[in-house]
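Here is a quick tour of the model on your screen.

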Amino acid sequence: MVGYTEALTDPSYSGQILTLTYPLVGNYGVPEKSITDKDGIPKHFESDKIQATGLVVHELSETASHWNLSMTLDEWLYNEKIPGISGVDTRSITKKLRERGVMMSLLAVSETEIDERELKSKLENVPKYSDEEFMDIVSTSDSKTYGNEKESIVVIDTGVKNAILRNIRRIGFKVIQIPWNSSIEKVMSYKPKGVVISSGPGDPKKCPKTVETAKSLLKQNIPTLGICLGAQILGLAGGADTYKLKYGHRGQNKPCLNLENNQVYVTSQNHGYGINPDSLKNSEFNLWFTNTDDKTVEGIKHKEKKCIAVQFHPEASPGPYDCMYIFDELKNLMEEGTPGKR
Amino acid sequence: MYLLPVVPEYVESIIESEQPDGLMLGFGGQTALNCGVKLEDLGILKKYGTRVLGTSIKGIQCTEDRQLFKDTMIQCGVPVLKSKAVTTFQDAKKVAKELRYPVIIRVAYTLGGKGGGIAHNEIELYEIVGRGLAASMVGQILIEEYVGDWKQIEYEVMQDYDGNNIIVCNMENILAMRVHTGDNIVVAPSQTIDNHEYHMLRTAALRASKHVGIVGECNIQFALDPNSDKYAAIEINPRLSRSSALASKATGYPIAYMSAKIGLGYSLPELANSITKTTTACFEPALDYIVCKHPRWDFAKFERANRTLGPTMKSVGEVMAVGRSFEESLQKSIRMLEIRKDGLVANRNGNETYDEESIENHLLNMDDNVLYYVAAALKKGLSIDRIYKLSAIDPWFLEKIKNIVDMEQRLQKSELESKLLREAKRLGFSDRQIGRITDKDEFQIRKIRKEKGIAPVVKQIDTLAAEWPAKTNYLYLTYGGTENDLPSRTKQEGVVVLGAGPYRIGSSVEFDWGTVNMVWGLQENGEKQVTVINCNPETVSTDYDICDRLYFEELTLERILDILEIENPKGVVTSVGGQTSNNLTPKLAKNGVTLLGTDSQDVDIAENRSKFSHVLDTLHIKQPQWQAFSSLFEAKKFATKVGYPVLVRPSYVLSGAAMKRVWSQEGLKKFLQEAVDVSPDHPVVITKFMLNSLEVEVDGVSDGKNVVIGAIIEHIESAGIHSGDAMMCIPPWRMSNKIIETITDYTVKIATSFNIRGPFNLQFLVQSGQVYVIELNIRASRSMPFVSKLMRMNLINLASLPILGKPLPEIPHDRWKKIHTFGIKVPQFSFMQLEGADMVLGVEMQSTGEVACFGTSFYDALSKGLISAGYTLPEKGTVLITIGGSENKEKILQTALLLKKLDYKILATEHTAEFLSDKRIGEIDVVYKISEPDRKPNIVDLLYKREIDFIINVPSTSTLEKYVGMLHDEYQIRRKAVELGIPVLTTTELADSFAKTLEWLKNNETTKKPLEPYENLY
């Protein structure tokens, strides 16, 4: 339906072939890439390229209509050399995925008959998604700065989305984006008011260096927000455990309950791993948000320190804006030194 | 349960006797909402301590009062269009000048944009403002800047008392802001807006509903600039609406049910998703299909009605199609409308060509045929951009329509090989369309298709796009997929019930009542697997929890056969879905489908006028003289012999489509042609039209031997008014016992000789003590819910017995006599909305709804019925009488005398006044016709000054065709009165009943009793 531009450029989808349940895709095309906001952050894209490795849709709109259109989805994929396929019953794929969980897959196009067996054996021999190392691919290699305010927030980039940067700018801070494996000394060298550990692809246990840094952040009580992968990293840092979900959460319509005010928010989500709820008991965290459908952990709050983390995407893009206030909660942590209450 | 007018005084009396704790206002449309606001204003809610559950009156007011709405939106940071509320034309003029023409006029507290319009200049402004001020409950209208070419996007919001809120669904109107959403072709979800716009509007919708304090459901409408992300909130409906029904069916989210729970105090997260049962109701449904809603218009029923689409709603019903491409959903929706079209292209008589100018004009000024003009424009080679500029239809939709147009051409040119055929099916082409293009019939295409293994797949509507396993029985068929969600049944089991399709004039909720009660009856009598096929999102039969499986699908032969191949049922019920399913009876039978109930051959005999008349002759039952149409010469000879007027009627039609009373040779020629066009496969019959006779109906059920008579119903008007437009009364009160015996006798004879096994409706004329049969419908009738409720005997439930091959219980034929309650059914018309339409009734049905009220006497029931249908019953005041023809004048004399006796002031036009004065009934004031504006006092002035409370205007059609010369003036009076909301009585019988009701009300009070439950009869 909506959000393919945002989803395809979300680094969390690195290494994945994306299939969309909505059958009509590409209707409004793709906007101009070079348009940025006043800080130089791309306005319509979540990173500077398509991150997914392939796209599977039911029906691709060959023409597109929108006032800020620059090209069709097809042209964009072509330009970025990302393969895609249309004319596929994506509902039947979805049903398969919901039974078996995320699977290794392969996209092949051929003029001649395709030998399925050969392809399947090929697929057996490629590295598994869960074994792949993504951080060096998705993280920035050197630090970047947006804005020139006095006070800054450091973003540890484990595959950050531009929307996270935009939201930090929105609450009025300079953004310093640094590589995923930055040490605590590196972080503190910027004298940040707060830290955000970003979303990103894969298993949090593949980011031991970030977990180490996170432990120090907790120890030093630096106001910190973790998002998605960042939340899992903070969880690990605070003594909780993470695991692979049977049914990953992917979509823009995921209801989450804030246990502090009993309000439900519709959130944007994309994660295959989660924080183990049982492990929270012996950790430094309290449960903050739960998923109302399967009761999994969607947010945690540190029992003493200025640290909050959410499993969903408060920055939206794609998805609903209901939880953007999470960034304001971080601001409260930084400004008042006490956990904010909405 | 009460069958009473939804007006404050009646609701108060119920509150007084029932002492309820709470009152819900959000479920009865605008009528209930307005009534609730009035109850609050009158202090009635406070007096009885009745709490309003759901959105508070204050919340309702800030969405309904235009100015308050704008202020509220601005407070919560949601932009609105520039506008100003006014109460006079002078102010309206000033505001329009400021905003610059064109401006749109909106009316506070009305339904369906009633009374509004777009003014391009001061003359139009004058006209619309006058009408709008009259229609407004509070005499207030809004003059607003006009953004017709902006996109029209709607969101359906659910919110609980705790402020949890979600969007059930959003929708996009294809005909942009130009056309009222009720008349728009709508898709869900939106297709042409991007992530940013979607969520910008979504957030605005949630913010606005939170600020207003919605509890339950609301619908928010936005206008979105197609050239930027500028937007404005247009309106909020703080209640269940047509759009919410659509959103419910489009998503599988039961909005009304959840709203009721929320009203009772449940929170959204507490409630469960009723499809998955395991997940919460506090979520946003994910769709993996595209829904297309298409309105059904019935302009052909109204001579003179203006077909232009705009801010006032004119459609009478709608359908919803589900598919996996826009092209598929759109073409399905067109077929569902049952307007004798097989899709967007390749229709019967579809080869009309239009010149470019006419096409361009029609794209700019849209009417109900707009999409066909788009197709014509594309065929003519007009560019997408040009069509967009003219029509404001987003190029994305136009490109998709072009795919359909191109496919027609490809099918014409290429060999019909698998790939092309499959692609055509994916674009929603029916076998009939493909056959028409390739010179084959639909069955040949079906055969070719099946040989090539091309068949639709069944998909579930599960609210979450297959993300979680869902046990849902809510289904549709599509060519956009390769995998069935459900396996076909191998064992023959279950029963399929066909629904009634879109609401339209002549087929409304009565037939949905029939469908639902049949499903329940079958289940109650042991049937384990009942499947429903229907496509009308406004119905209960399309609630997925009514039956065991629901196919939201076309009621076309092709699609029903597709479904039957999957379902493999024991048989199909076609007798409860009105004429829609009845018409499928012979076709299904021909295709080897087992039909449950009356044999299809017997149905055919009843529908075929010629065969039917023969049977009556053999039974020695009288009927008006008739002749099957063979040639114009024969027809003229027959008409001359029996004398004009005669009735021309085709077979297999509902609500008198193309049925015409004909007064002359010229008329005969014209209408015979029309009748042949409407029903080309079936014969046309000409019958003698019997003037001054009473019309009587019987609703019943039979098992072939045993006949159950529901009731004998008498029309209040004399014959000639279509039965759907006539006021009806049970019991009959002008019939002798002998006549009633004859009618009963005929009914039993006919039902048994046709071996009817199921519901039927029989219509009679009574003239000079003689009974004539005029029509037999072997199916559920429009009046069956009325009869069933009054008689406390559910006829459709009984009908499920013979359908399953079980005998009916023995019920005395005169059971109806023992129910000492009067029941009166009053039709509801929509002339106000149909600009230009005349309200004089005839043999073709024009009413769009009905009400029924019960009472201890004729006038007790009638007065409540009239109030329910929107008539005001003035205790004193002024009546205008204008009667055509001396016979009618004689008939009205007693009524005039009575009105005089009751102290009403009588105004009359010259001739009528002269006649009444001659009879010395007292003082009559002469007024002058609209066509003589210089002569005062003039009717127009008095109407506008509200100095006339009701009008008796009986046109002299007895000797003339409608609308020639002098009758135009009467039309003007009726039209003006309709626009100003003044009751007009157009028959002498109605005028008489009306006057007697006024008299009765002077000395009596109406009864207010609850409806009694059905009796258990077996």
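## Ground rules

A residue is called buried if 20 or more other C-beta atoms lie within 10 Å of its own, exposed if 12 or fewer do, and partly exposed in between, with C-beta atoms placed from the backbone. Helices (H or I, at least four residues) and strands (E, at least two) are DSSP runs, numbered from the N terminus.

This is a predicted model, where local features need pLDDT of at least 70, side-chain atom pairs count only at pLDDT 80 or more, and totals for chains, interfaces and linings use all residues. Residues are numbered from 1 along each chain as its sequence is written, while chains are lettered from A and ligands numbered from 1 in the order in which they are written.

## Helix H14 of chain B

Start with H14(B), which spans residues 384–391. Its buried residues are Ile384(B), Ile387(B), Leu390(B) and Ser391(B). They sit on the same side of H14(B) because they cover an arc of only 130° around the axis, the arc being that of the directions from the helix axis to the C-beta atoms.

What do the buried residues of H14(B) pack against? Their partners are three helices of chain B: H12 (356–364), H13 (370–380) and H15 (395–413). Contact here takes C-beta atoms, placed from the backbone, within 7 Å. Just after H14(B) comes Ala392(B), with a positive phi of about 65°.

## Chain B as a whole

Zooming out, chain B holds 34 helices and 35 strands, and 58% of its 1018 residues count as buried. Its C-alpha atoms fill a box of roughly 75 × 70 × 65 Å along the principal axes.

The radius of gyration, taken over C-alpha atoms, is compared with a globule rule of 2.2 Å times the number of residues to the power 0.38. For 1018 residues a compact globule would come out near 31 Å, and the 28 Å of chain B agrees with that. Among contacts in chain B with a separation of 6 or more, 70% join residues 24 or more positions apart.

## Where chain A meets chain B

On this interface, 37 residues of chain A are in contact with 45 residues of chain B. The elements of chain A that give two or more residues to its side are helix H3 (90–100), strand S13 (242–258) and strand S14 (263–275). H3(A) gives the most, with five residues.

Terms used: Two residues are in contact if their C-beta atoms, placed from the backbone, lie within 7 Å.
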